[in-house]
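Subject: Handover of a protein structure

Dear colleague,

Please find below the sequence and the structure that I am handing over to you. My notes on what was found follow directly after.

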Amino acid sequence: MSDVVLGLLIVAALPLAIVAIPNTVSVVADLLPAEIDRIGLMRAHGLALPAMMLTVPLAAVALRRVKAAHLMLGGLLLLGVADAAGGYAGSAFLVGVLRVAHGVGAGLLVPATLVAAWDRPPVLRALWSGMLALSMLGAQALALWPLDGVTRWQITLQPYPLLTGIALVLAAAYLVLWMLGGRPDDPRMRAKERSRLLLAAVPAAGIAVVAISTASEDWRAGLVVLLALLAVGGLLALASIGTRESRTLAYTMVAVGVVLLPTVAQVTYVEMGGLGGPGLRGLWLPFCVAGALAVAGAVAVRLSALTSTWVTQLGLLSMVVGLCSVRVVAPSAEGLVLVVPFTLLAVGAAVAITAALGQVGAGAGMFGLALCLPGVLAGYLLGTGVQMVALEGDRTRQELVDSFVTALHLWALAGGFFVVAVIVLAAVMARRAPVAEDVRDEEGGGEPENATEPEVVPEPEVVAEVVAEVEDEDRPTGVIPRIAVPPLPQADGEADVSPVPPPAPSPEDGKRG
């Protein structure tokens, strides 16, 4: 029963967390009162993603002391309070506070749900991967859907209060079942993995500062693109730390973060009804088909135990093909043809993440997740820079629409080359000698599925007893048991000494002396 409740909670909580990312206040600009600073309000509304990506690594470290069941309930309570207070927002400052609360609550939910599903039946972790891909695919459309025909701009601060309430009930039920089930332990991380998680907060903070600055100042397009490229390079450099398996996951999460949500967000805006597309009504069928196939693909990979690196690379290649198809089929007046790029992107991301997660422990999984969300913000910055380049100069309405389409095609091309570069980088780094580090957790949690038992080395004090017992055994001649014996410490310059300790002196020897 607890597994069923946890699965329902993942289905409800992950979209609720990811939908907090898009900044949609510009869509309701006509409803804003004249006394509100519009630039300041847009900057405040964009604080959710920086707060979220800074919370994820800190929440992952906190999971060593706080149980995942408690953290999920706390994150949903914070989202519920922010939703309730959103209807009373009347200033840019209060909007900023509430959006930070949304980001922190979402940042608690995402790692907590992954840790809660880690040691459960395999289908739950696959469900988590599929729902993450589905949520990133539809986040922009889900954020825009409640704004159709609204009369109050505050709806941007409370898009799905009913879903928040349902998720709260599920989190409370899971907490009760978890307590009745004996409070099973969550997978733990090693000290080195916790340090790496804290290190991941450094580039996240730098990218957040750049993103907030570009929203408040008149930056040149070339400078925005350069800073975004430096941010992506920093994330890839940080992803190169660790074992081959953990590097593969980290590279995958950076690629998915940079490409998936920023690309689909641009496609959604281009396909809006005002720009000649079918609008959101024409996009729901492609979103639903692609999301269902993403979850099914993740479950199929997990149940078939296809956790090899080539499966991850195959998923990333599917994303490359999806980006290429965006250049061919978008924009589309019908919208149904967008099933092709949406499915390739979502299924590729879900398969790549599921396969990569199956090769690592919980600590490496948290580290990859901590790099994914800064990748999303870096992807937004890159897309914004490309749009700024395409929209330079005075243009008519039709020229603006054409420029948006040109920017989308340029971004899809750049995203495709970026994912290919990540695949090549992962392959090159896989040829390097692995770092002297085990991917298992020091306290037994989050071991990879193909892990072997560690060799047990007996203490020097028991070696003599073991040797005596072996010599007394009635065994066939010529069969010599192998016993791992550690060498005794020796001072510099001393010759090697036998690992078998000398016999203890007899008390009579002392009396004779």
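I begin with D3, which is partly exposed, with a relative accessibility of 24%. Please keep in mind throughout that this is a predicted model.

D3 forms a salt bridge with R120, and the closest N and O atoms of the two are 2.8 Å apart. The pair links distant parts of the chain: D3 belongs to helix α1, R120 sits in the loop between α5 and α6 (122-144), and 117 residues separate them. R120 is likewise partly exposed, at a relative accessible area of 31%.

The overall picture is as follows. The protein has 17 helices and zero strands. Of its 513 residues, 51% count as buried. The protein exposes about 23200 Å², and carbon and sulfur atoms supply 64% of that area. Among contacts between residues at least 6 apart in sequence, 85% join residues at least 24 apart.

Helix α1 deserves a separate paragraph. This helix has 17 residues and reaches 24 Å from its first C-alpha to its last, close to the 24 Å expected at 1.5 Å a residue. How much of α1 is covered? Helix α1 is mostly covered, with twelve of its 17 residues buried. Among them are V5, L6, G7, L9 and I10. The cover over the buried residues of α1 includes α3, α4, α5, α6 and α7. V4 also lies in helix α1, which spans residues 2-18, but V4 is exposed, with a relative accessible area of 52%. Together with M1 and L8, V4 forms a nonpolar patch on the surface, and the three have about 340 Å² of accessible area together.

The buried residues of α4 include A68, L71, M72, L76, D83 and G86. Against which helices do the buried residues of α4 pack? They pack against α1, α3 (48-62), α5 (92-118) and α7 (161-180).

P187 is placed in the loop between α7 and α8 (191-216) and is buried, with a relative accessible area of 9%. The C-alpha atoms of P187 and A116 are separated by 8.6 Å, although the two residues are 71 apart along the chain. P331 is found in the loop between α12 (309-329) and α13 (339-357). The peptide bond from A330 to P331 is cis, with omega near 0°. For comparison, most peptide bonds are trans.

Finally, a word on cysteines. A disulfide is a covalent bond between the sulfur atoms of two cysteines. How many disulfides does the count give? The count comes to zero disulfides. C372 is buried, at 2% relative accessibility, whereas C324 is partly exposed, with a relative accessible area of 46%.

With kind regards

Conventions: Residues numbered from 1 in each chain as written. Predicted model: local features only at pLDDT ≥ 70, side-chain atom pairs only at ≥ 80, totals over all residues. Heavy atoms only, no water. Helix = DSSP H or I, 4+ residues; strand = E, 2+ residues; numbered from the N terminus. Buried < 20%, exposed > 50% of the residue type's maximum accessible area, 1.4 Å probe, protein only. Contact = heavy atoms within 4.5 Å. Areas by Shrake-Rupley, 256 points an atom, 1.4 Å probe, with all protein chains shown as cover. Disulfide = S-S within 2.5 Å. Patch = residues over 30% accessible without salt bridge, like charges linked within 9 Å, V, L, I, M, F, W, Y side chains within 5 Å. Salt bridge = Lys/Arg side-chain N within 4 Å of Asp/Glu carboxyl O. Expected span 1.5 Å × (residues − 1).
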